[in-house]
Amino acid sequence: MSTLLIKNLNTVVTCDDNDSVLKNVDILIEDNVIRAIGPSLADTADRVINGEHMLCYPGLINTHHHLYQQFSRNLKQVQNMELFDWLKTLYEIWKNLDRDVIRMSSMSGMGELMKNGCTTCFDHHYVFPANTGDLIGAQLEAASALGIRMACSRGSMDLSKKDGGLPPDSVVQSVDEIMADSVRLIEKYHDPSFGSMHTLALAPCSPFSVSAELLRQSAILARQYKVRLHTHLCETKDEENYMLEREGVRPLEYMARLGWIGDDVWYAHGIHFNDEELKLLAETGTGVAHCPVSNMKLSSGIARIPEMLDLGVKVGLAVDGSASQDGSNLLEEIRICYLLHRLNSSRQAPSGYDILKLATRGSASLLGRTDIGSLEVGKCADLFMVDSRRLELVGACYDPMSVFGTVGLRQPVDYTIVNGKVTVEGGRLVNVDEEKLAHDAQAVCDAYLAKN
């Protein structure tokens, strides 16, 4: 049995059902699980961390990313484009993905997430050029090396430009190929057990790059294997108009006809749902991954988060791909989310603490996890800590529940702990050499971009 004791924590924001905030307590972790929270729990453990002056929070959970985009961010030629043109331009770069690019972009993107308090990352990977090997395996190798909890996806596209879609022929596959590989990956990598470090979802890219048959077969297979379903939906008005022209219905109705609605489904973005659609999402338990920074950069719109929360729609937070967010920082996303909705919705906007809960227990709900998302006895020991004595936090910690929304944090956290193991300490990754990772990742990125 391994034990970790965090002593004398200044404040623990639990994000539990009662929104409990605990002062001057210890957290005892045994074999990766929180066994006790309270004052003066013990004197010894395999490792003891002094939590005096520390603010402690549940680990953040990212519910939508495209880690491969870490190597195509801040490119001048796409900075002022909107989604469809942006995608068509970048597919000409993404078609050159290989296993090294996937592994190193995943390492650097998830490393950045971890340095900013994230303990679980869902990645939506849907670009599979021919003869590139096991790309999902490469992602899981990266996650294991870093020590982060990872939810992978077998994304897919079967409509290329010649079929009326956006991607080039070289990155689309047939429905039969996709289904066969989906079965292989589920059976090889999906672990639904308590405390799982890796799960897998089925995630066709979007209704404008996949066929109805692919969506239908993915839903059938996902339910057969009891895995979750994810895709982009209602991200832009262009998508809405495309679906109305091609199918004669709005995007959500189209997806519902194909089995894509229910508490095992979550959509990325969800900006342009109407009133009736929001009610349907709430009634069916269908979730939304909110990506505020990406939505702003691509000029896609503002998701109706205050209305979603009032109706009881399941909502989590996400950074989206690094080509549209230009980073992998979920703490930054919390503050920008707070400010965006204050600007747009005034008193109806969620509080800073409400948004923290989107990034923790809300995100856990989207991933179907009940073992993470809050700090409670019996749950996985996923958390992060920040020293309240930092210069940038002077005068800012009177409301520790909302501080990341209102004030934000512009430096890495002091500790990130995943599954009871320290993965970030003093703002630095513990399990890898950061300088070497940065050097090697940049070299792979340079070679990748030179192919275009």
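I began with Gln173, which counts as buried because its relative accessibility is 17%, and the cut-off for buried is under 20%. I note that the model is a predicted one.

I then looked up where Gln173 sits: the loop between strand E8 (149-156) and helix H4 (175-189). I checked the side chain of Gln173 for a partner and found Arg154, with a polar contact of 3.1 Å between the two side chains. I listed the contacts of Gln173, leaving aside neighbours within four places in sequence: Phe128, Arg154, Met157, Asp158 and Ile178.

Next entry, Pro204. I found this residue in strand E9, which covers residues 198-204. Is Pro204 buried or exposed? I have Pro204 down as buried, because its relative accessibility is 1%. I looked up His124 as well: 80 residues separate Pro204 and His124 in sequence, and their C-alpha atoms are 8.9 Å apart in space. Not counting residues up to four places away in sequence, I found that Pro204 touches His124 and Trp260, among others. The list for Pro204 also includes Gly155, Ser156, Val210, Leu214 and His230.

Last, the nonpolar cores. Which residues touch the most other members of the largest core? I noted Trp94 and Phe273, in a core of 115 residues. Helix H1 (residues 83-94) gives the most to this core, eight residues. I then took the contacts of Phe273, not counting residues up to four places away in sequence; they include Leu233, Cys234, Tyr267, Val288 and Met308. I recorded a second, separate core of 18 residues, with Val25, Ile29, Met54 and Leu383 among them.

Methods. Residues numbered from 1 in each chain as written. Predicted model: local features only at pLDDT ≥ 70, side-chain atom pairs only at ≥ 80, totals over all residues. Heavy atoms only, no water. Core = buried A, V, L, I, M, F, W, Y, C linked by side-chain atoms within 4.5 Å. Buried < 20%, exposed > 50% of the residue type's maximum accessible area, 1.4 Å probe, protein only. Helix = DSSP H or I, 4+ residues; strand = E, 2+ residues; numbered from the N terminus. Contact = heavy atoms within 4.5 Å. Polar contact = N/O pair within 3.5 Å; in protein donor to acceptor, adjacent residues only side chain to side chain.
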